[in-house]
Amino acid sequence: MSRSQGSSLKRKRPDTNTASQPLLDAERVLYDLIRSKEDMGIWTRDMKRETNLPDNVVTKSLKALQVKKLIKEVVNIQSKGRKHYMAVEFEPSKELTGGAWYVEGNLDTEYIKILKETCVRVLSKLKVATAEGISESINKTGLCATECSTQQIAEILRALVLDNEIMEVRSSGSGEFSSIPIGAVCYRCTNKGGLGGGGPTIGAMASIPCGVCPRITQCTPDGIISPKTCAYYTKWLDF
Amino acid sequence: MTPEYGIKLAVHLISTDFGDHAAKVCDCLLRKGTLALDDIVRTAKLSPQQVKTYLKVLIQHNCVQAFAMEHEGGCGEGPVVVTQYMLLFDNILHRMRFPKLLAIVSKELDKECEELFEAFLKHGWLTLQQILDRVPSNQNEGNCTVQDALRGSFTKLVNAHYVERCPAPDPFLVPPDEEKTPARKHDANSAKAVEELEIGEQCDIAKATPSKAKGFPVITDTCGDINGDKSIGNPPGVVIGKKRKQDALKLDTESGAASEKDVPWRANYKELVCHLRHKACIENVRARLDSGAAIVLSAMLEATQSAEKNVKEEISVLLSISTITEAVMQSEAGCSMTLERIRASLVQLGCHPNGVGADRTYNIDLKKIIELAQNDEVESMVLKRYGREAHRIFRLLSKSCCPLETTKISDTTFIEKKEAAKILYKLWKDECLHMEKIVLNESRQSQFMLWKVKKDTFWRHILDEMYHAALNLSIQIIELRRDKHVGALRERDVRLAILLQASLMKLDDALMLFHDF
């Protein structure tokens, strides 16, 4: 094959994976491009833009490559609607799969819930601990089926802080913090959360109908929606 | 500028206590700001006599402050002194919380002081003569004893700073200096608010004095023993002027005592609000941390209360560890606390020691505690209104110092991106969040949404909703009183009244967090 035929039609090279798979020129171009993206894969629109191949040629070639089991379609968690392809020898990267928290393109809510409950249980026993301490405790006692990294546990703890079940504090190095270096970030259960918690404190606005009313902006003292005619008030006072 | 429902609530409170005409005067002063008599007559569409009558009532009840100020005359005339009237919005809202204010006095002092203080709340301005005249004239025997007891209760209230001298009825004030606030010139509402604050401060200084007073104000004391518990280390006295200086009590001559009896006194709301602020901080710490930390905070605030210069003090006064320990151990709840436990509580409270060794001192960041309490209130409302996931997103954005992108929010909160976007949009539509769209032309992903909580805007919105909710509760309470049923239903009415009143007081605690503290 002549080199003068342009960059879009590269000369066929012998390839250990494809020795037995003769590829058409367009298929070769696309396959080389997809392989070059390794575990990140590539979106079909980007393929079309980079190769300048017509749409129908790209579609036909991709189908052929899939039949020949050279490429696979993967889900990109960032944009689930897009067709994303990868060479079969690679595993999708974390950016595509969403990392440890995603399974088949969906958030593994059950796994996250189990980890959250486990972390709270461990922290209730330890009283005060760092993310490393909690991670070690979980992995040592085998409370979870799969081993979790400290990074993963830290992400779970961050979500628990947002849910007000635990709080983040800094070690003072003394008292209950004596085993933790001064200034290190650690966690403890809140009064609201934790195994012995009494539940979250309900604020003043949250405990009256007006505080959670979807019609508050339309409510006026003498209007159609008013405290005198309010159905939510009637229900609240009906005991 | 007072939020719309703040105005409606204030007008409602005035209307309930003093009638619709007084409410009209209140409404026009709230909407138009400080006005002269002619302007009020024109705006409220009442006769001059009516306006004068209701202004007098509102002044008597500490809801309006009159003052005289020099203005440029028109058409080449010389300067003119005009009496203007300023509505005291905070004092009107205090009318809603009289039971709370009374409870403070009841807890700190005796029953007689409580009854006398209730008279101040009911009648507004009272002179010592009017207080003494409360003794029925047919009680000839023991009249002097009763009067002495009243005088004693009055002195206790003054010493505890729960009552203060009223400002002069019509003080002459210097116009606020526009040069001092050049930045405010661009914002008419802020400029007006600053001007009214300066006028209020000047009025505070221009306290009423007896027409022939000589030297410091005095109170004739024939009781002998004065309760000086509230002013440890200070001579018992009265509050005068801007600073909480105290003057020594002196026995006076007859003529001085006679004129002193005509000086009006009123409830000192600032002191009472300070008490409520401390109480709110202590309760927040108790709920958020534990009772040990609450006891230490309470002792520290008790020890530094007299040194506080204003209600919204951000940082408490410095105290040494020995002073803190002494204060804690003197309290009933803290008598069994060890030094180590006290130190641990100080760490929990976030108190960092200043200095080294035995000279170490500690103070409390009260502003931080109030902010945490405000966050708790708002987050509770977001949780109830929008659900757990929205609450998680809101807390993430509240804690973040910069705007966050949708994907980052989704990843951190473990919420599917599509669902997170829906929640963010809903919160944005309801003015909880601020959204910024970033468009990048060169990247595959051409559009990013950045989100953040815009605290000042959202907090103002929350405050207005609280005023609205308080107004609705007040209306419900009045409706209940109107629809009284006899017989079997009365017990239910009593339960409803208790629920509504308790809810209003709890809401008022939250309102004070955002407005007064």
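At what angle do helix 13 and helix 14 of chain B pack, and how far apart are their axes? The legends below, prepared from a predicted model, take up this packing and two further views.

**View 1. Packing of helix 13 against helix 14 in chain B.** Helix 13 (residues 291-304) of chain B meets helix 14 (residues 321-330) of chain B at an angle of about 110°, and their axes are 9 Å apart. Because angles of 65 to 115 degrees count as roughly perpendicular, helix 13 of chain B and helix 14 of chain B are described as roughly perpendicular to each other. Helix 13 of chain B contributes B:Ile295, B:Val296, B:Ala299, B:Met300 and B:Ala303 to the contact, and helix 14 of chain B contributes B:Ile324, B:Ala327 and B:Val328. The residues of this contact comprise eight nonpolar, no polar and no charged.

**View 2. An open, antiparallel sheet of three strands in chain B.** The strands of chain B follow the order 4-9-5. Strand 4 (126-127) and strand 5 (163-165) of chain B are the edge strands, each pairing on one side only. Strand 4 of chain B is joined by two bridges to strand 9 (residues 264-267) of chain B, and the two run antiparallel. Within this pairing, B:Leu126 is placed opposite B:Trp265 of strand 9 of chain B. Helix 7 (residues 111-123) of chain B lies across strand 4, strand 5 and strand 9 of chain B, at about 95° to strand 9 of chain B.

**View 3. Residues 8-68 of chain B, a span annotated in UniProt.** The unreviewed UniProt entry assigns to these residues the feature "domain: RNA polymerase III subunit RPC82-related helix-turn-helix". The span is 74% helix and 11% strand, and its end C-alpha atoms lie 28 Å apart.

Methods
Residues numbered from 1 in each chain as written. Chains lettered and ligands numbered in written order. Predicted model: local features only at pLDDT ≥ 70, side-chain atom pairs only at ≥ 80, totals over all residues. Heavy atoms only, no water. Pairing = 2+ DSSP bridges. Helix = DSSP H or I, 4+ residues; strand = E, 2+ residues; numbered from the N terminus. Contact = heavy atoms within 4.5 Å. Axes fitted to C-alpha atoms, helices over the stretch in contact; angles between N-to-C directions. UniProt positions renumbered as here; feature names shortened; annotations may be inferred. Parallel < 35°, antiparallel > 145°, perpendicular 65-115°, else oblique. Nonpolar A, V, L, I, M, F, W, Y, C, P; charged D, E, K, R; others polar.
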